[in-house]
Amino acid sequence: MKKNRLLAKWLNDDLSPDELAAFEASPDFEKYQKIKNYTAHLEVGDLDENAMLSNILSQKKTAPKVVPLYKKWAFRAAAIFVLALAVTFVMQFFVPETETADFGKRTTFSLPDNSEVVLNSGSEIQYKKWNWDNSRHLELKGEAYFRVAKGRKFEVETRLGKVTVLGTQFNVKTRKNRFDVVCYEGRVKVNYNNTQILLTHGQSVSFENGKQVNLIVNTSKPEWIDNQIGFYKENIRSLLDEVERQYNIKIELNTKDTTSLFTGKLPAKDLNTALQIISTTYHLEAKQVSKNKIIFDEK
């Protein structure tokens with residue numbers, strides 16, 4: 001405390017000669033002297049409050065930032081573009097793809113794994129591209145021939161049953177209450193109601209109204225691929241329905257006998273020959289009343 005008191009008196013030049021001599025002899029005097037010499041050159045001006053206020057008011061005000069209208073439209077266009085890309089992505093990968101074959105037409109297409117599908121007349125397939133390699137699943141209405149690339153399980157779902165394969169060639173057909181599956185290569189598993197059956201090369205199964213019929217086939221592909229319509233024990237109405245699909249026509253049947261079953265082939269590209277075969281088989285007379293309408297009457 002005494003040292004601090006002497007320092008204060010020294011700074012104010014208030015020491016007696018004896019006190020000054022003792023203070024200058026202290027070991028810290030040289031340090032105090034340097035500090036005093038430095039601070040002696042510092043000047044602090046008087047605070048002018050009016051000048052300070054005037055200076056603040058005179059400063060240039062910053063105008064609020066205004067985004068030009070064309071830039072707003074540019075931002076909006078960019079947002080719309082990004083949204084369009086997102087929608088396109090969703091459409092391509094999440095929304096089901098649909099392939100159809102109109103009456104009188106066929107459609108051939110490849111799936112994401114390069115499996116090939118030939119869609120017969122009056123048929124439709126739906127599938128999703130998203131995660132296809134891990135979930136090869138599609139829905140079929142009508143008839144289609146498949147050449148499946150090897151990979152994970154491949155499923156064909158129909159309203160009457162399901163077909164499951166790994167890598168093979170097979171044909172699936174659903175018409176009304178009839179469900180037909182033919183295996184041309186490899187193996188396929190068929191599920192129909194509570195029935196499950198395994199088909200290998202050259203085997204076929206048909207289900208209709210709960211009845212099962214197993215067959216052996218000697219061809220390497222469906223007849224319709226070669227423009228032949230194949231039938232096995234099908235009634236005349238089912239036969240005419242298929243002819244309507246293949247030729248994109250309407251057929252009116254005027255007969256009481258609809259129970260006789262037909263097994264054989266009809267041409268898919270020669271309507272006159274097909275009509276003659278039907279007429280001879282069922283003792284009917286075919287009349288073409290317009291370009292796209294045929295009437296079968298009893299003879």
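A pocket, on a 1 Å grid over the protein atoms alone, is an open set of points where a 1.4 Å probe fits, with protein on both sides within 12 Å along at least five of seven lines; lining residues have an atom within 4 Å of a point. A volume is the space filled by probe spheres set on the points, which are joined across faces, edges and corners.

This is a predicted model, where local features need pLDDT of at least 70, side-chain atom pairs count only at pLDDT 80 or more, and totals for chains, interfaces and linings use all residues. Numbering starts from 1 along each chain as its sequence is written, and side-chain values use heavy atoms, with hydrogens and water left out.

**View 1. Here's the largest pocket, with about 520 Å³ of space.** Of its 30 lining residues, those closest to the centre are Val182, Glu223, Gly230, Phe231 and Tyr232.

**View 2. Next up is the second largest pocket, at about 260 Å³.** Of the 13 residues lining this one, Arg178, Glu208, Val213, Lys233 and Leu261 are the closest to its centre. Strand 15 gives the most again, with four residues.

**View 3. Strand 9 (residues 169-175) and strand 10 (residues 178-185) pair up antiparallel over seven bridges.** Pairing takes at least two bridges found by DSSP. Look for Lys173, whose bridge partner in strand 10 is Asp180.

Terms used. Helices (H or I, at least four residues) and strands (E, at least two) are DSSP runs, numbered from the N terminus.
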